[in-house]
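Dear colleague,

Please find below the structure that I am handing over to you, followed by an account of what was found in it. I would be grateful if you read the two side by side.

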Amino acid sequence: MKHIVVLLFLITFSANAQFNNPEVNAIAIQKDFSTWQNYQIQKIMLSLDFVALDENSNRISKDFFLNQLTLGNFIPIRLQSNDSIIYYKLYKIQFNSDSSIKATIMQMAFDEYEHYKMEGNRFPKFHFSDLNGSIISNETMKDKIIVIKCWYIHCAACIKEFPDVNELVLKYNDRKDILFLSLAEDSPEQLKLFLSKKTLLYSVVPDMKIYMNETLNLNAFPTHFIINKQGKIIKILSNVESLKVALEEESKK
């Protein structure tokens with residue numbers, strides 16, 4: 001019996017160890033802001049579903065995890081895993097770390113937490129007219145998966161991802177139940193001039209600044225929404241890398 005207990009312990013420990021090792025050294029990754037930022041962009045996708053662990057490797061809820069990050073005492077590190085599940089663990093911010101690392105994490109976590117609270121809610125009712133004069137509303141998009149990109153002309157990060165979001169449109173071109181819509185702050189005249197030089201394959205709705213700021217409560221751009229066929233918000237995402245993963249999952253349902 002003793003040997004069986006020991007064997008079970010070893011199996012359990014081994015299974016846990018599969019995701020207890022960080023992908024990077026939590027101290028070294030904080031040596032300067034550039035090092036952290038590059039890692040964050042590539043590996044930290046807090047919009048997605050993930051298993052959250054505290055600094056002692058105890059499982060915690062996603063909202064508690066995000067709340068801890070807003071306090072400025074921790075950084076999120078992705079853990080190694082032998083499965084497809086994403087694991088993030090809290091690690092202490094070093095006292096001598098660049099203050100920009102703390103500020104960036106706190107802002108990111110705040111935005112992600114606000115987005116997380118909106119998931120599962122119905123997307124606000126809308127009735128828009130795009131640059132081509134087409135009417136877009138809850139009724140015209142009923143029973144569709146809607147991918148929404150919120151942006152504005154002078155947002156460098158918004159423009160940088162144009163090639164990637166265009167690839168998504170082409171990838172799902174045969175899926176008549178998936179529609180791509182963008183809400184832009186700028187006027188029709190500004191957008192038409194800008195889009196004559198930069199290609200965006202989404203439908204574009206102009207003059208959406210007040211709607212995005214007051215109705216959607218956005219304060220960071222770009223922001224992407226995925227709305228399911230029942231009109232509910234499935235995901236709110238801050239970058240196209242997360243969008244690709246989340247849309248792939250939703251498209252299979």
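**Findings**

Glu189 is exposed, its relative accessible area being 58% (exposed means over 50%, buried under 20% and partly exposed in between, with a 1.4 Å probe and protein chains only). This residue is found in helix H7, residues 188-195; helices (H or I, at least four residues) and strands (E, at least two) are DSSP runs numbered from the N terminus. Between the C-alpha atoms of Glu189 and Pro206, which are 17 residues apart along the chain, the separation is 9.1 Å.

This is a predicted model, in which local features need pLDDT of at least 70 and side-chain atom pairs count only at pLDDT 80 or more, while totals for chains, interfaces and linings use all residues. Residues are numbered from 1 along each chain as its sequence is written, and side-chain values use heavy atoms, with hydrogens and water left out.

**The protein as a whole**

The protein has 9 helices and 11 strands, and its C-alpha trace spans about 75 × 45 × 30 Å along the principal axes. Of its 253 residues, 45% are buried. Contact means heavy atoms within 4.5 Å; among contacts between residues at least 6 apart in sequence, 67% join residues at least 24 apart.

**Helices around H4**

The axes of helix H3 (residues 62-70) and helix H4 (residues 99-118) come within 7 Å and cross at roughly 150°. H3 is therefore roughly antiparallel to H4 (over 145 degrees counts as roughly antiparallel, under 35 as roughly parallel, 65 to 115 as roughly perpendicular and the rest as oblique). Axes here are lines fitted to C-alpha atoms, for helices over the stretch in contact, and angles run from 0 to 180 degrees between N-to-C directions. From H3, Lys62, Asp63, Leu66, Asn67, Leu69 and Thr70 meet Ile105, Met106, Ala109, Phe110, Glu112, Tyr113 and Tyr116 in H4. By class, this contact of H3 with H4 comprises 8 nonpolar, 2 polar and 3 charged residues (Ala, Val, Leu, Ile, Met, Phe, Trp, Tyr, Cys and Pro count as nonpolar, Asp, Glu, Lys and Arg as charged, and the others, Gly among them, as polar).

The buried residues of H3 are Lys62, Phe65, Leu66, Gln68, Leu69 and Thr70. Their packing partners include strand S3 (74-78), strand S4 (87-92), H4 and S11. Just after H3, Gly72 takes a positive phi of about 85°.

Helix H2 (residues 33-43) also meets H4: their axes come within 9 Å and cross at roughly 25°. H2 and H4 are therefore roughly parallel to each other. Phe33, Trp36 and Gln40 in H2 meet Ser100, Ile101, Thr104, Ile105 and Met108 in H4. The contact of H2 with H4 has 5 nonpolar, 3 polar and no charged residues.

**The five-stranded sheet**

An open sheet with mixed pairing is formed by 5 strands in the order S9-S8-S7-S10-S11; two strands pair if DSSP finds at least two bridges between them. Strand S9 (203-205) and strand S11 (233-237) stand at the edges with a single partner strand each, so one side of each is left without a neighbour in the sheet. Strand S8 (residues 178-184) and S9 run parallel and are joined by 3 bridges, and Leu183 stands opposite Val205 in S9.

Yours sincerely
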